[in-house]
Amino acid sequence: MTTDPIHPPILEVAGLTMRFGGILALNDVSFEVRRGSISALIGPNGAGKTTVFNCLTGFYKATEGQIMLHTPRATTDLMNILGQPFRTSDWINPASFANRLYYKMLGGTHRVTQAGVARTFQNVRLFKEMTAIENLLVAQHLQLNRNLVAGLLQTAAYRQSERDALERAYAWLKVFGLAEDANRLAGELPYGHQRRLEIARAMCTGPRLLCLDEPAAGLNPRETVELSELIRRLRDEHGVTILLIEHDMGLVMGLSEHIVVLDYGEVIADGDPHTVARHPAVLAAYLGTEAVHDDES
Amino acid sequence: MDWHILAQQLVNGLTLGSIYGLIAIGYTMVYGIVGMINFAHGDVYMVSAYLTAICLAVLFSFGIDSLPFALLATLATTLLITAAYGWTIERIAYRPLRGAPRLAPLISAIGMSLVLQNGVQLSQGAKTQGVPSLIPATLRLGEGNDFVQITLVQLMIIVVSLASMAMLTWLIQRTSLGRQCRATQQDRRMAAILGINTDRIISTVFVIGAAMAAIAGVLVTLNYGSFDFYIGFVTGIKAFTAAVLGGIGSLPGAMLGGLILGLSEALFSGMVNTDYKDVFAFSLLVLVLIFRPTGLLGKPEVEKV
Amino acid sequence: MSPTSKVHWNLVVRQAVLEAAAAFVLALLLLGPIVGLVLDGYQVQNELQRPLLIAAIIAAGRFLVTLALQTSIGQAVLERFNARRRQPGVLVVSASESDRQRWWLLIMVVVSLSVPFLASKYWLTVLIQAMIYVLLGLGLNIVVGLAGLLDLGYVAFYAVGAYGLALGAQYLDLGFWSALPLAAMLAALFGGVLGFPVLRMHGDYLAIVTLGFGEIIRLVLNNWLEFTGGPNGVSAPAPQLFGLEFTRTARDGGMPFHEYFQISYDPLHRFIFIYLALFLIVCLMVVVVTRLRNMPVGRAWEALREDEIACRALGINHVLVKLSAFMMGATVGGIAGVFFATYQGFINPMSFNFFESALIVAIVVLGGLGSTTGVIVAAVVLTILPELLRAFADYRVFTFGVLMVLMMIWRPRGLMRPRRRAFEVKGLCR
């Protein structure tokens with residue numbers, strides 16, 4: 001892999017290894033995601049795609065490896081902010097001890113989102129008994145005036161902050177074509193709308209890198225086409241980098257500029273769609289399903 | 001500190017620990033299979049203590065003076081009725097709630113616990129009840145004033161608990177029923193697809209848990225002699241502590257946790273302070289949950305995202 | 001059912017008889033010894049007619065229900081019941097719809113304010129108790145109803161508040177009004193210290209840890225004789241109004257209330273004052289809770305209740321957000337405890353046992369997890385009803401238990417359907 005000076009990487013994953021008990025779920029996974037790209041992570045079922053996602057977004061603490069996020073604001077070590085066990089060297093180095101103690105107490109998954117990574121889930125996870133717009137308001141939690149006193153006294157600054165949040169939420173609903181559903185319960189929306197609402201909610205956190213876990217699962221062909229246009233628009237107009245897991249090869253090949261293929265927890269190919277589709281290891285991994293040549297949907 | 005006091009506390013702790021272990025089985029099996037804390041379990045144990053006393057009193061009033069027969073008959077009756085309690089509670093309070101919001105079964109369990117406590121209080125009165133000391137035989141090790149005393153009942157408690165544990169382990173590991181239980185615990189939906197009647201298995205688990213609590217109830221009543229309608233609450237939390245300590249969901253863990261809790265509680269009350277022994281046990285629960293929520297023998301839980 | 005042929009009916013009746021017989025046998029097995037044979041020393045008294053009667057009632061009920069479910073009406077009822085369980089529990093209402101409730105609010109305030117001047121001393125104490133439970137219910141509702149954390153040791157914070165006033169007066173010479181904020185802060189501190197390590201764990205564990213914590217507090221209060229007076233309890237100071245005391249003669253060098261206003265002494269004044277102060281606090285709490293629900297933190301609480309994993313993926317620190325709910329609830333519990341202590345004038349650890357916690361949970365559950373109105377109604381009903389039905393006072397806890405189970409089966413969301421506010425933005429949405 002060579003570093004492209006015009007498109008520097010936003011995400012660098014190096015030597016990522018994950019063990020569950022005796023099972024080696026990920027073995028030395030390394031790849032990069034370039035800023036402003038649409039990248040995809042593919043592989044047969046059980047290859048470890050979602051495990052990679054869970055490590056990237058801080059739901060799993062990887063056994064080994066390094067994940068670095070480079071945003072214009074800062075470079076973040078995503079493994080560090082999850083809170084790691086103390087090492088022997090910490091006991092003689094107060095600064096690193098304090099750092100680790102801080103993240104052990106206050107670190108966690110939420111820090112990853114605060115650093116600029118947002119995600120959606122394979123099986124949609126909305127706040128089902130809250131309205132669509134409330135879902136988006138919750139996502140803006142960190143950008144709002146959270147001062148308790150200001151909120152209880154309903155100060156002008158607080159009301160302004162709430163109004164802004166509401167406008168932002170409506171703006172995102174419009175982008176996703178959900179303005180009509182604003183005051184409906186998220187759990188009552190049709191499935192396709194729920195999928196879009198979940199992406200809109202992720203966008204409300206102001207991410208630099210958006211991770212979509214099988215965004216087209218359960219969508220009909222028309223919805224899938226709309227979705228791929230939407231994803232492209234998010235990248236072009238709203239400046240996010242997109243990393244997605246997807247089984248729909250038509251969508252992946254048409255949309256992404258860079259593909260990483262996983263099999264049995266290892267990276268077997270990495271490159272643009274054209275190269276990857278012809279890669280012998282990929283063909284071998286998919287052999288039998290012939291999904292590569294078979295643009296079924 | 002003389003050795004004999006320490007040894008005496010160890011004996012007491014072992015007895016107490018076996019009881020906690022027996023009750024902890026009910027918590028750990030139910031948690032393993034339906035993922036809920038059966039708050040009413042401690043009260044099922046309390047009911048079994050009352051049943052023991054009632055059975056003994058009825059048998060003696062009929063003039064039965066063969067002690068072994070009376071004990072066996074009491075154990076059998078208590079076991080049967082307590083198991084029926086376990087089955088009914090699951091049927092009434094938990095089964096209709098499958099798939100309900102997360103807090104619902106927990107709240108329903110607390111309701112059930114209140115019903116049992118108050119129901120017994122209403123029908124049997126609030127005063128402390130008891131049974132006469134039936135088996136006064138004791139073993140005495142040592143001479144003069146330095147001795148360790150083991151009553152026959154204490155010995156019985158340890159032997160019976162170990163035997164019950166061994167039988168239960170055999171049941172779970174070796175029989176078809178046990179296989180079905182383990183399969184249901186791993187993946188209820190898949191087990192159902194493979195033709196296991198999971199509702200029946202869940203009922204069975206409640207029945208087994210209640211039966212173990214019944215054994216504990218009989219033994220405790222014979223040993224300590226007195227009880228009231230409130231014993232289920234404190235003993236219940238302690239047995240749950242034992243289950244968590246050993247690793248919730250794990251059968252040997254429940255017994256191990258029970259023994260550790262019993263021993264440390266006996267040592268604490270013997271050497272530090274009797275008044276604060278319950279505080280000690282509850283603090284242990286809090287500390288274990290904070291520092292080692294998977295317990296000693298439990299498997300680490302992987303969060304499903 | 002259309003084919004109500006004779007054969008069919010025979011089958012139905014046979015089925016019903018069989019089920020009733022099974023229920024009868026089971027009920028007799030369960031209740032026979034426990035209800036029918038009452039321990040008296042080492043003997044039993046024969047009361048077997050009681051379980052027979054109960055089992056007969058259960059069997060008859062079972063028979064009738066089984067029959068009724070076979071008729072078209074029974075089927076329709078069952079269908080409606082199932083449909084209600086399937087439908088989404090939440091109603092979205094626009095702002096104009098909730099305006100209509102303002103009149104109700106006004107009426108309720110006027111009634112609540114005039115009641116103490118009409119009630120006898122006995123009913124006044126009942127009303128004060130009801131108000132204390134309203135406060136406790138509102139506090140626990142933040143924790144259980146909004147944030148979805150089952151706290152079974154809520155009574156611990158109540159005890160901290162009550163003992164904060166009593167011991168603060170004894171050792172630090174604090175008065176009611178200075179103890180009120182301090183005790184509330186102390187309770188919040190206890191909540192924080194317990195909550196921070198504990199709130200990381202799974203919901204069920206939280207329930208049992210808080211339960212253990214509640215017992216620890218009670219046992220310490222009971223056993224620490226030198227400091228708390230143990231089971232004998234401690235006395236708590238009466239409230240004052242700007243230094244005016246509600247006693248016949250001044251005790252602490254102040255002036256009695258009735259002398260200052262030159263009216264005759266009436267011991268009721270003290271209770272009326274406590275009631276009014278409580279009412280003020282409750283009103284304040286209602287406003288606070290209503291606003292909190294629409295604030296970022298309140299939304300985060302409800303979102304956490306819905307899906308913790310999604311919340312974490314949105315950058316919300318779930319531990320801190322839970323902690324804020326936990327501490328907020330603890331504060332309210334502490335305030336309620338201070339009022340309880342000053343109204344009783346004397347407290348001991350017996351008032352803070354598990355039944356009390358369970359009662360508060362029952363209030364929140366029956367009120368419909370999350371609904372402010374529901375909690376207030378439930379608290380008032382559950383305090384006043386047992387007073388009206390003195391003869392059945394012993395059955396109070398039993399009934400609560402039954403109600404909790406039935407509520408979870410029948411309406412896990414409470415009697416009132418939860419409502420959510422609809423948002424309208426001018427120019428952005430028609």
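This is a predicted model: local features need pLDDT of at least 70, side-chain atom pairs count only at pLDDT 80 or more; totals for chains, interfaces and linings use all residues.
The secondary structure of chain C consists of 18 helices and 9 strands. Of its 430 residues, 52% are buried. Among the contacts in chain C with a separation of 6 or more, 73% join residues 24 or more positions apart.

Asn141(C) lies in helix 6, which spans residues 121–146. Asn141(C) counts as buried because its relative accessible area, 2%, is under 20%. Leaving aside residues up to four places away in sequence, Asn141(C) touches Leu146(C), Val364(C), Leu369(C), Gly370(C), Ser371(C), Thr372(C) and Val375(C). One of these partners, Ser371(C), is located in the loop between helix 16 and helix 17 (372–388) of chain C. Ser371(C) is also buried, at 12% relative accessibility. Its side chain reaches the backbone nitrogen of Gly374(C) at 2.9 Å. Ser371(C) and Gly145(C) are 226 residues apart in sequence, and their C-alpha atoms are 7.6 Å apart in space.

Leu359(C) belongs to helix 16 of chain C, formed by residues 354–367. With a relative accessible area of 6%, Leu359(C) is buried. Residues up to four places away in sequence again being left out, Leu359(C) touches Tyr133(C), Arg396(C) and Phe400(C). The C-alpha atoms of Leu359(C) and Met108(C) are separated by 24 Å, the two residues being 251 positions apart along the chain.

The contact between chain C and chain B involves 56 residues from chain C and 68 residues from chain B. About 5700 Å² is buried between the two chains, and carbon and sulfur atoms give 76% of that area. On the side of chain C, the most area is lost by Ile34(C), Leu39(C) and Tyr205(C), which together account for 14% of what that side buries. Several elements of chain C each supply at least two residues to the side that touches chain B, including helix 1 (6–36), strand 1 (37–40), strand 2 (43–46), helix 8 (176–198) and helix 18 (396–410). The largest share, 13 residues, comes from helix 9 of chain C. By residue type, this side of chain C divides into 41 nonpolar, 9 polar and 6 charged residues.

Over all chains, 19 salt bridges are counted. In chain A, Arg184(A) pairs with Asp181(A), and their closest N and O atoms are 3.2 Å apart. Arg184(A) is partly exposed, at 36% relative accessibility, whereas Asp181(A) is buried at 5%.

In chain B, the side chains of Glu90(B) and Arg95(B) form a salt bridge with an N to O distance of 3.4 Å. Glu90(B) is buried, its relative accessibility being 0%. A further salt bridge in chain B joins Lys238(B) and Asp278(B), with the closest N and O atoms 2.6 Å apart. This pair links distant parts of the chain, since Lys238(B) lies in helix 9 (residues 231–246) of chain B and Asp278(B) in helix 11 (residues 277–291), 40 residues apart. Lys238(B) is buried at 4% relative accessibility, and Asp278(B) is buried at 15%. Salt bridges with shared partners also join Glu90(B), Arg95(B), Arg98(B) and Asp199(B) into one network.

Note on methods
Residues are numbered from 1 along each chain as its sequence is written. Chains are lettered from A and ligands numbered from 1 in the order in which they are written. Side-chain values use heavy atoms; hydrogens and water are left out. Helices (H or I, at least four residues) and strands (E, at least two) are DSSP runs, numbered from the N terminus. Buried means under 20% relative accessible area, exposed over 50%, partly exposed in between (1.4 Å probe, protein chains only). Contact means heavy atoms within 4.5 Å. Buried area is the accessible area (1.4 Å probe) that two parts lose on being put together, summed over both. Ala, Val, Leu, Ile, Met, Phe, Trp, Tyr, Cys and Pro count as nonpolar, Asp, Glu, Lys and Arg as charged, and the others, Gly among them, as polar. A polar contact is a pair of N or O atoms within 3.5 Å; within protein, one must be able to donate a hydrogen and the other to accept it, and residues adjacent in sequence count only if both atoms are side-chain atoms. A salt bridge is a side-chain nitrogen of Lys or Arg within 4 Å of a carboxyl oxygen of Asp or Glu.
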